[in-house]
Amino acid sequence: MRYGTGPEVLREVTFTLKPGSFHFLTGRSGAGKSSLLKLMYLAHRPSRGLVTLFDEDIATLPRKRLPFLRRRVGVVFQEFRLLNHLSAFDNVALPLRVAGVKESTIRKHVDELLAWTGLGDHMDARPPTLSGGQQQRVAIARSLISRPDLLLADEPTGNVDDALGVRLLYLFEELNRMGTTVVIATHSENLVSRFKKPILHLEDGVLIHHDRVEAGGGTGDPRDSRKPFGRGKRQ
Amino acid sequence: MIRRRTDLPLSRDPSVRLVPWIIGLMTYLACLMLAGSLLLSELLGQWSSGLSGTVTVQVLPREREPARLLNERVDKLVRILERTDGIAGAKAIPLEEIAVLLEPWLGGAVALDALPLPRLIDVRLDMIDPPPMEELKTMLSNADPGALLDDHGIWQDQLADLVGALELVAGFVVLLVGLATVGIVIFATRSGMAAHQDVVEVLHLIGAEDAYIARQFQNLALTQGLHGGIIGIAFGAVTIWGLGYAADHIDSAILPQVQLLAWHWVVLASLPAATALIARSTARRTVMRSLKRMV
Ligand SMILES: Nc1ncnc2c1ncn2[C@@H]1O[C@H](COP(=O)(O)OP(=O)(O)OP(=O)(O)O)[C@@H](O)[C@H]1O
Ligand SMILES: [Mg+2]
């Protein structure tokens, strides 16, 4: 893909994520991790090549159906992208409201999740009054609230100390155990070596697999037909 | 439901307070134009129902003609007219009535005998089979060269043309005002979207349908259109009442006695609903169109 008329940021990227797999996405700063995730959460269209999400070809899917696909993907943005004028509660509730979920159901789920992420006391706080780590947890809670089939997290531990980072990773692992496919972009050597998960490594717009088969981890087998996410070959 | 929840802090934007006033100004203009054209067509209706079906014959006095001779000429013409096909009746208007008609111009205390006033004959035409005006004219001038046919038709046609033109102008102004309102709403909606681009994007990315995002803007536009419309017709009503009050206190026969009828007020009162709906659908279209550009 490319931004506008700029150079091609991603060139040779071909992979298929097996449902229920857990991958780290690594690469030096500027390698294109965020760009790859943008393709995956449908913020960008590839300038060429094929993107398949939940067995649907993005290029041929009618625009009207995209929101329903997006609702199955939870995203933790690198810059959080919380809505500053809404409380932590309303931020986390947003994906459910957008999907038209009943207000009573929303209250129950959001209360529960905020308590679980240790933000029970900050439900009414607006993001600017929260610490970086607290904001990050609100962002993570928002990405989890709709129980997505695919979770994409861009540097979800960038703003927290190592101990909290590890705790958050356990949270993702927990989610993964319940069936969600997880991709986490990170710089943290510590996390990557601690959680022995397969790695998607980006270098100069080219994707290199480092599969480390683990219990619960995926193999990235491209022949799997139940792939939640796939990418065609792009040269 | 409690207060309507919004995901966009639109109501805090400074431009939001200004828009209803601009829409209000537009509605005010539209209101005056509409009221004016409703009054005009009312006026035209009154005039034509009072005038059509009648013509007037003017009998000009000859120099130093005694009143008796003039009366004879008038009587003779009345008799001729009454015999003519297509004329339902003819009646000489008494001199006193002519004096009343002329009073605004000549003042009250005029010695009527001293003035060579023309005499008037009121002719009612048979509406089903009226005589051709040209033939009537020749017949009259043959009978008496001093008899002139005043056919109100020309005056009426011209009046109708004028009223028609004025209504066209009023309609055009209302159209322009409507377009300006649409323009304002498009502008306000676009700047709202630009100011909250980040929020719009997040809503979009977490799976909001276009209609959901559009709803946020169209609800605001609806309220703004409604407020603006109410401001506009409130000032419009005050203006119309003020003009009506002033007109009532001018004691003159020149000013026609017309009033807005109940259904006219209903038309004017529906303006806020119209502005609200126009604003709402404009905002919706604007948002939907610009969202189409996002993946
Ligand atoms: N919105 C954008 N417009 C133009 N170019 C962009 C944009 N976003 C990223 N890029 C370019 O794309 C390339 C990849 O950026 P990307 O954000 O994907 O990297 P990254 O791997 O996420 O880096 P980091 O680890 O620092 O977050 C960079 O060269 C960057 O300059
Ligand atoms: Mg990045």
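Which residues line the second largest cavity? The lining is made up of A:Arg70, A:Arg71, A:Val73, A:Gly74, A:Val75, A:Phe77, A:Pro95, A:Arg142, A:Ser143, A:Ser146, B:Leu205 and B:Ile206. A cavity here is a set of points on a 1 Å grid over the protein atoms alone where a 1.4 Å probe fits but cannot get out, and lining residues have an atom within 4 Å of a point.

Before going on, a word on the model: it is predicted, local features need pLDDT of at least 70, side-chain atom pairs count only at pLDDT 80 or more, and totals for chains, interfaces and linings use all residues. Residues are numbered from 1 along each chain as its sequence is written, chains are lettered from A in the order in which they are written, and side-chain values use heavy atoms, with hydrogens and water left out.

**The cavities**

A search of the whole structure finds three cavities of 30 Å³ or more. A volume is the space filled by probe spheres set on the grid points, which are joined across faces, edges and corners.

| Cavity | Volume | Lining by class |
|---|---|---|
| Largest cavity | about 130 Å³ | eight nonpolar, four polar and one charged residues |
| Second largest cavity | about 90 Å³ | six nonpolar, three polar and three charged residues |

Of the 13 residues that line the largest cavity, B:Ala188, B:Thr189, B:Phe217, B:Leu220 and B:Gln224 are the closest to its centre. In chain B, α1 (14-51), α5 (152-195) and α7 (210-248) each give two or more residues to this lining. Helices (H or I, at least four residues) and strands (E, at least two) are DSSP runs, numbered from the N terminus. For the second largest cavity, β5(A) gives the most to the lining, with three residues.

**Where the chains meet**

Together with B:Val295, they supply 37% of the area that chain B buries against chain A, more than any other three residues. The two chains bury about 2000 Å² between them, 61% of it on carbon and sulfur atoms; buried area is the accessible area (1.4 Å probe) that two parts lose on being put together, summed over both. The contact (heavy atoms within 4.5 Å) takes 23 residues from chain B and 22 residues from chain A.

Three salt bridges are counted between the chains, each a side-chain nitrogen of Lys or Arg within 4 Å of a carboxyl oxygen of Asp or Glu.

**Two backbone details**

A:Arg81, in the loop between β5 and α3 (88-98) of chain A, has a positive phi near 55°. A:Arg147, in the loop between α5 and β6 (150-154) of chain A, has a positive phi of about 45° although it is not a glycine.

Notes
1 Å grid on protein atoms, 1.4 Å probe; cavity = no way out; pocket = protein on both sides within 12 Å on 5 of 7 lines; lining within 4 Å. Nonpolar A, V, L, I, M, F, W, Y, C, P; charged D, E, K, R; others polar.
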